[in-house]
Structures are given as C-alpha cells and as structure tokens.
Amino acid sequence: MDFDQHFKQALETLKREGNYRVFAEVERQCGNFPKVKRYIGEEVQEVTVWCSNDYLGMGHHADVVGTMVDAVQSCGTGAGGTRNISGNNHMHRLLEEELADLHGKEQALLFTSGYVSNWAALSTLGAKIPGAVILSDEGNHASMIEGIRHSRADKVLWKHNDWRDLDRKLRAVGDRPKIVAFESVYSMDGDICPMREIVEVAEAHGAMTYLDEVHAVGMYGPRGGGISEERGLADRITLIEGTLGKAYGVVGGYITGSTALCDFIRSFASGFIFTTALPPACAAAATASIRHLKASTQERLVQRDRVAKLRAKLDAQGIPHMANDSHIIPVMIGDPVKCRMISDILMQDWGIYVQPINYPTVPKGTERLRITPGPLHSDADIDHLVAALASLWRQCALAHAVA
Ligand code: PLP
C-alpha cells in the first residue's frame with residue numbers, strides 16, 4: 001500500500017467538505033487574558049479569544065500561577081512516573097481530598113485529563129462488572145463513547161436528555177447491572193440535562209449513575225461543585241467526573257465516588273495504572289484554583305453578567321444564537337465552509353478568535369461558532385465582537401439578496 005497516498009486522499013476529502021481543521025498559532029500572555037498573541041509567519045497580531053474553555057480565566061489567576069511556580073521550584077517539573085512506580089505525590093493526595101470534598105464524596109481519583117478519566121473509568125466499569133449494560137445519552141462526549149466501546153459491555157443509547165426514553169430502556173434491560181452515563185452541561189449546544197428526573201429514573205431501576213460535569217465544575221453551584229451541587233443532587237449520583245483543564249484553568253481529570261469505587265478504578269483501570277501521573281505543580285495549582293472557586297463567587301457572577309450582556313446585544317442585532325441556560329453561546333451557521341470563512345474573517349479583519357465548530361464535533365448542517373464569554377471580557381470586547389458579527393451578517397444578507 002502507498003500509505004502516504006492514502007493519507008493525502010483522506011485529507012483531500014476533508015478539505016473538499018470544508019471539515020479540514022486548521023489551528024491558529026497563538027500564545028497566551030499571563031495576566032492579559034483574554035488577549036493572546038497570534039503568530040502569522042514573522043508577524044504577530046494581538047487578538048481577543050472568545051472560544052476558550054478557561055471559562056473563568058483561572059489559568060491566569062495570581063494564586064494559581066503563583067502556586068504552580070512555587071511548586072515547580074520546590075518539586076521540579078514532572079511526577080517522575082506512574083503512581084505505581086513513583087508513589088502518591090503529596091500534592092496528588094491534597095488535590096484528591098479537595099475534589100472529594102467539592103462533590104461531597106468519600107474519595108477522588110486523579111487522571112491526566114478529563115478524556116482519560118472518562119475513558120478509563122467507563123471502560124473499567126463496563127469490563128469488570130459482570131453482565132453490565134451501559135445506558136448512554138446519545139449526546140455524550142467522545143471520551144465516554146470510547147470508554148464504553150473499549151469496555152465491550154452491552155451499550156444502549158437513549159435519546160438526548162429524554163428521561164422517559166431512559167426509563168423505557170432501563171425497563172427493557174431487565175435484571176442486569178445497569179450504568180446510566182450522562183453529562184450535566186453539553187458543550188456544543190450548551191443545554192443542561194434534567195438531572196433530577198434522570199437520577200430518579202435511575203434510582204427506580206437500581207442503576208448506577210455516571211455523571212460528566214466537565215463543563216460545569218467551577219462554574220455552577222455555591223462552591224463550584226457543578227450542576228449536581230446547584231440542584232442538591234450530588235449525594236444521589238454514584239460517580240461524578242470532571243476536568244481540571246477548563247474552569248479550573250490547569251490540566252487533568254478526575255472521578256469522585258465511594259472509597260470502594262475509586263479503589264476499584266485505581267486497581268483495575270489501565271488508563272490510571274500505566275501512565276505518568278500529573279506533574280505535582282499541576283496538582284498544586286489545581287488545588288489552589290478549586291479552593292479559590294469554592295470560596296469566591298465573584299468570577300461566576302461576572303461571567304453570568306457577561307453572557308447575559310452578549311446575548312442581549314446579539315439579539316439587538318438579530319444575530320441568531322441557540323437558547324440555553326448555560327454559559328455557552330452557539331451562533332449557528334449551518335455550513336462548514338461559511339463557518340470557516342466567518343471565523344477567518346473575524347480573526348484577520350477584526351482580531352477576534354472564535355474557532356469554527358464543524359463535523360465530527362457537531363452533526364453536519366449544524367456548524368457553528370461556539371462563544372464562551374468570561375469574566376475578563378470587557379464591555380468594549382463585547383461591543384467589538386457584536387459589531388464584527390453584525391457587519392458579517394449584513395454582508396451575508398446582502399450577498400444572499402444579490403444571488
Ligand atoms: N467530557 C466532556 C463532556 C468534554 O467536553 C471534554 C472535553 O472537551 C472532556 C470530557 C475531556 O476533558 P479534558 O479536556 O480534560 O480531556
């Protein structure tokens with residue numbers, strides 16, 4: 001086989017369909033978020049980021065940065081190996097205690113990313129619970145889908161956020177160990193699941209609940225414990241999974257649950273056992289970030305104000321955006337080529353960075369700009385973004401009228 005030829009053909013197809021991904025080259029500047037430097041060959045442009053998942057700017061917070069720097073100075077850079085080989089770093093233990101407390105669980109277990117935590121935990125649960133069936137919301141993230149696939153357990157998809165469908169499907173499964181896997185905030189539509197109903201249905205069928213709170217931790221609940229904390233449901237959910245890489249501004253993933261559950265995953269999950277642990281400095285920085293957001297609501301409140309303001313201004317200009325109750329504002333484009341083009345123009349002409357979201361991240365025909373306003377976006381930033389989008393919308397309407 002001519003392997004390179006095969007690769008090139010596959011890439012050509014992606015390009016023809018408008019789904020080829022081009023990444024901007026940017027450099028975050030500590031303390032200057034949401035501005036970043038963009039590199040175009042020798043040139044450097046300052047742009048405003050509107051698509052970061054560092055939702056609250058905690059990656060630039062003085063306490064978080066200071067803690068990380070101090071930890072590197074005192075502990076060095078890497079963890080030195082897997083925890084099986086190099087032991088539990090003290091900072092891993094402190095972070096796990098902080099996370100268990102965040103969700104009101106007995107224990108937590110760290111992974112190198114949210115993706116790995118979902119992949120490792122779901123694949124282990126599905127593989128190691130005899131006869132298990134995993135009932136997965138059809139909108140679940142790739143990391144959950146891959147974990148379930150790897151487990152080789154039977155999988156049943158239920159309609160997105162449809163607890164009645166879940167109820168029917170749980171009944172049909174009958175008397176087997178059942179795991180209901182779902183998310184709180186779905187990252188592309190920004191919709192929030194009907195958590196109470198899902199939990200009640202799962203309880204009625206004796207199913208275990210597996211909740212991904214990746215887009216909600218730090219963001220919702222009085223201490224940032226996510227939607228499960230906000231709605232007073234955390235104690236009724238068997239396993240809560242999250243990330244340290246989005247609202248907490250660092251990197252890493254975790255699960256929380258009972259001591260037995262976490263020890264079970266720790267003991268059997270290859271995605272935990274066979275990979276180098278998080279650098280201690282990352283663990284220390286994440287701990288500082290979680291502690292800060294447990295005590296401070298300021299970031300969440302300002303962030304909500306920014307979301308409301310941007311939505312109102314988009315409405316005033318007639319720019320369509322998907323309604324939801326979260327911090328994610330999807331501006332729908334519905335065409336991969338246009339989506340890419342609008343994103344390029346925003347970057348080149350307006351110094352605004354919003355990554356186009358195309359297939360396979362979202363279904364074909366639902367391509368969008370996914371905007372995530374944060375507490376560090378100023379009124380002037382909002383006005384600039386709305387002016388840019390309004391101008392593009394007028395040009396598109398004009399082009400449409402002429403055609
Ligand atoms: N779960 C969901 C719902 C996600 O959207 C993501 C990433 O975007 C992940 C898990 C993976 O988290 P991480 O970025 O920490 O790997």
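This is a predicted model: local features need pLDDT of at least 70, side-chain atom pairs count only at pLDDT 80 or more; totals for chains, interfaces and linings use all residues.
1. Helix H14, which spans residues 336-350, lies across strands S13 and S14 and runs at about 45° to S14. Arginine 340 has its place in helix H14, and, with neighbours within four places in sequence left aside, arginine 340 is in contact with Tyr20, Val22 and Pro356. Its relative accessible area is 19%, and because buried means under 20%, arginine 340 is classed as buried.

2. The sheet to which S13 and S14 belong is open and consists of three strands in the order S11-S14-S13, with antiparallel pairing. Strand S11 (329-332) and strand S13 (356-357) stand at its edges, and each has a single partner strand, so one side of each is left without a neighbour in the sheet. Helix H13, formed by residues 298-316, packs on this sheet and touches S11 and S14, its direction making about 20° with that of S11.

3. Within that sheet, the antiparallel pairing of S11 with strand S14 (residues 368-371) runs over four bridges. In this pairing, methionine 332 stands opposite arginine 368, a residue of S14.

4. Methionine 322, which is placed in the loop between H13 and S11, deserves a separate comment. The C-alpha atoms of methionine 322 and arginine 370 are separated by 10.0 Å, although the two residues are 48 residues apart along the chain. At 23% relative accessibility, methionine 322 counts as partly exposed.

5. A second open sheet is made of four strands in the order S1-S2-S3-S12, and in this case the pairing is mixed. Strand S1 (26-28) and strand S12 (352-353) are at the edges, each with a single partner strand, so one side of each is left without a neighbour in the sheet. Strand S3, residues 43-49, pairs with S12 in the parallel sense over two bridges, and tyrosine 353 in S12 is the bridge partner of valine 49.

6. Which residues are closest to the ligand? The ligand is surrounded by 13 residues, of which Gly114, Tyr115, Asp212, His215 and Thr243 are the closest.

7. Serine 123 is found in helix H5, which comprises residues 114-128. The side chain of serine 123 reaches the backbone oxygen of alanine 120 at 3.2 Å. When residues up to four places away in sequence are not counted, serine 123 touches Gly147, His150 and Ser151, among others. Is serine 123 buried or exposed? With a relative accessible area of 7%, serine 123 is buried.

Terms used. Residues are numbered from 1 along each chain as its sequence is written. Side-chain values use heavy atoms; hydrogens and water are left out. Two strands pair if DSSP finds at least two bridges between them. Contact means heavy atoms within 4.5 Å. Axes are lines fitted to C-alpha atoms, for helices over the stretch in contact, and angles run from 0 to 180 degrees between N-to-C directions. A residue is near a molecule or strand if one of its heavy atoms lies within 4 Å of it. Buried means under 20% relative accessible area, exposed over 50%, partly exposed in between (1.4 Å probe, protein chains only). A polar contact is a pair of N or O atoms within 3.5 Å; within protein, one must be able to donate a hydrogen and the other to accept it, and residues adjacent in sequence count only if both atoms are side-chain atoms.
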